[in-house]
Amino acid sequence: MELAMAIATINPTTGELIKTFAALTPGEIEQKLAFAQATFESYQWVPFPQRAAWMNTAAEILTAQRQDLGRLITLEMGKTLTSAIAEVEKCAWVCRYYAEHAATFLADVAVTTDAHQSYVKYQPLGAILAVMPWNFPFWQVFRFAAPALMAGNVGILKHASNVPQCALAIAEIFREAGFPEGAFQTLLVGADQVASLIADDRIKAATLTGSEPAGMSLAATAGHYLKKTVLELGGSDPLIVLPSADLETAVTAAVTARMLNNGQSCIAAKRLIVVGEIGDVFTQKLMAQLQALKVGDPLLPETDLGPLATPQILHELDQQVQQSVQQGARLLLGGQPLDRPGNFYPPTLLTDIPPGSLADLAEFFGPVALLFQVADLDQAIALANKTSFGLGASAWTTVPEERDLLINELVSGSVFINGLVKSDPRLPFGGIKRSGYGRELGSQGIQEFVNIKTIWIR
């Protein structure tokens, strides 16, 4: 699932070991699973208004504590404090959204048949296991937990081993909000425990956000035990810029999208595809904006780019860049780890990328932009779709015919025209191909982990 690593807070800005945690013993895991099952037996019948009241209180706690929680996120995984606080505020939004809409999304749906009465009923499944990543340590969890708890399920969180304090803080927020203590629990365990958790009869389904290997491993185990899964995996999202676009806006969007979360985002635009005669001007403007970014301490307000989350991520990214250059890609900017404490890698730009090379096919999880120039829209769409991933895509154009073609022909879970790809509680989010399956958020997200029960009465 993931490489063995200590359950510990290690400041990625300095490399300092802050705190370590002991993994739960088998006996402690058993106690938590039994507690989850016992809690579900009563929690599933809690009325929607009471669940909503607790969920709205969770949103209030998040809002009130956003500064401290944001600092905790930055301490553990290195994103800028500004973006960490925004992440906490977004979690409050998803809590409020499902508090308001869950009852409507899960209301009985009448269907006219030959019965006197027939309808579809939605009922919770039980304990849902969430295996979550470090890059958005609060948002990834809350976008699972808010709909799952509002649906009447209980949550079991196995978080990434480098954000244990975030994991514990999230469980405390739900407890403080008034939810029964067993409704949401954090399990501080290693990746080697995930398979046995899925095998346990008390775990009814699982969701994972993370890498392809982690997703395949979880899905294989869940398949063996015939348990439902939702997977949100990697991405190599294209950002297509056409000649009709406003170049300044498109360049700024490209920089923002690629450098979001220090470049560590599944839905960050990773492949910048520029069409036609605007290629050289776009490249110049792009380089100027990348060079202007300030790399440094993520707690400082003037910092644009903080460190990568772990030394391993830094090493892997650097190896990808070096291999890409050896395969013929041209390095326009950056390309070497910064000579300073912490996991810092500069804004980097590669172009003239050979077909079939690493940079042409792989996901780069860090502040490295891959720039492609093509002759026309057909080539842009073909290049955009020439990937094993299918999470998101964005395109910049003011021509309606181009917009419609892009919407219809880009193969991905979402297409954003003249805007950055983002997750929004009101819209379903997820991918296709090797980016995973199933959906989070929206009405579709809350219906992933319920029993869709058909009722027929004469």
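A nonpolar core is a set of buried Ala, Val, Leu, Ile, Met, Phe, Trp, Tyr and Cys residues joined through side-chain atoms within 4.5 Å. The close-ups below come from a predicted model.

**View 1. The largest nonpolar core has 122 residues.** Six of its members touch the most other members: Leu62, Phe138, Phe142, Phe174, Phe184 and Ile240. Helix α4 supplies the largest share of this core, with 11 residues. A second core is separate and holds 26 residues. Among them are Ala257, Ile278, Leu290 and Phe344.

**View 2. Phenylalanine 142 and its contacts, leaving aside neighbours within four places in sequence.** Phe142 is one of the residues that touch the most other members of the largest core. Its contacts include Leu62 and Phe174. Both of these residues are also in the group with the most core partners. Cys91, Val94 and Cys95 are in contact with Phe142 as well. Pro147, Ile170 and Ile173 complete the list.

**View 3. Helix α3 packs on helix α4 at about 120 degrees.** Helix α3 covers residues 66–77, and helix α4 covers residues 81–105. Their axes lie 8 Å apart. The range for roughly perpendicular is 65 to 115 degrees, and roughly antiparallel needs over 145. The pair is therefore oblique. The crossing of α3 past α4 is right-handed. On the α3 side, Arg66, Gln67, Leu69, Gly70, Arg71, Ile73 and Thr74 make the contact. By class, the contact has 6 nonpolar, 3 polar and 4 charged residues.

**View 4. Helix α3 also packs on helix α6, at about 155 degrees.** Helix α6 runs over residues 164–177. The two axes are 9 Å apart. An angle over 145 degrees counts as roughly antiparallel, so α3 is roughly antiparallel to α6. From α3 come Leu69, Leu72, Ile73 and Glu76. They meet Pro164, Gln165, Cys166, Ala169 and Ile173 of α6. The contact divides into 7 nonpolar, 1 polar and 1 charged residues.

**View 5. Helices α13 and α14 pack at an angle of about 25 degrees.** Helix α13 spans residues 377–385, and helix α14 spans residues 400–409. Their axes are 11 Å apart. Angles under 35 degrees count as roughly parallel, so α13 is roughly parallel to α14. The helices pass in a right-handed crossing. Leu377, Asp378, Ile381 and Asn385 of α13 form one side of the contact. Glu402, Leu405, Leu406 and Glu409 of α14 form the other. The classes are 4 nonpolar, 1 polar and 3 charged.

**View 6. Asparagine 262 has a positive phi without being a glycine.** Its phi is about 60 degrees. Asn262 sits in the loop between α9 (247–259) and β11 (269–275). Its relative accessibility is 2%. Buried means under 20%, so Asn262 counts as buried.

**View 7. Leucine 441 is another non-glycine residue with a positive phi.** The angle is about 70 degrees. Leu441 lies in the loop between β17 (436–437) and α15 (442–446). With a relative accessible area of 0%, Leu441 is buried.

Technical notes:
Residues numbered from 1 in each chain as written. Predicted model: local features only at pLDDT ≥ 70, side-chain atom pairs only at ≥ 80, totals over all residues. Heavy atoms only, no water. Axes fitted to C-alpha atoms, helices over the stretch in contact; angles between N-to-C directions. Helix = DSSP H or I, 4+ residues; strand = E, 2+ residues; numbered from the N terminus. Left-handed = near helix turned anticlockwise from the far one by under 90°. Contact = heavy atoms within 4.5 Å. Nonpolar A, V, L, I, M, F, W, Y, C, P; charged D, E, K, R; others polar. Buried < 20%, exposed > 50% of the residue type's maximum accessible area, 1.4 Å probe, protein only.
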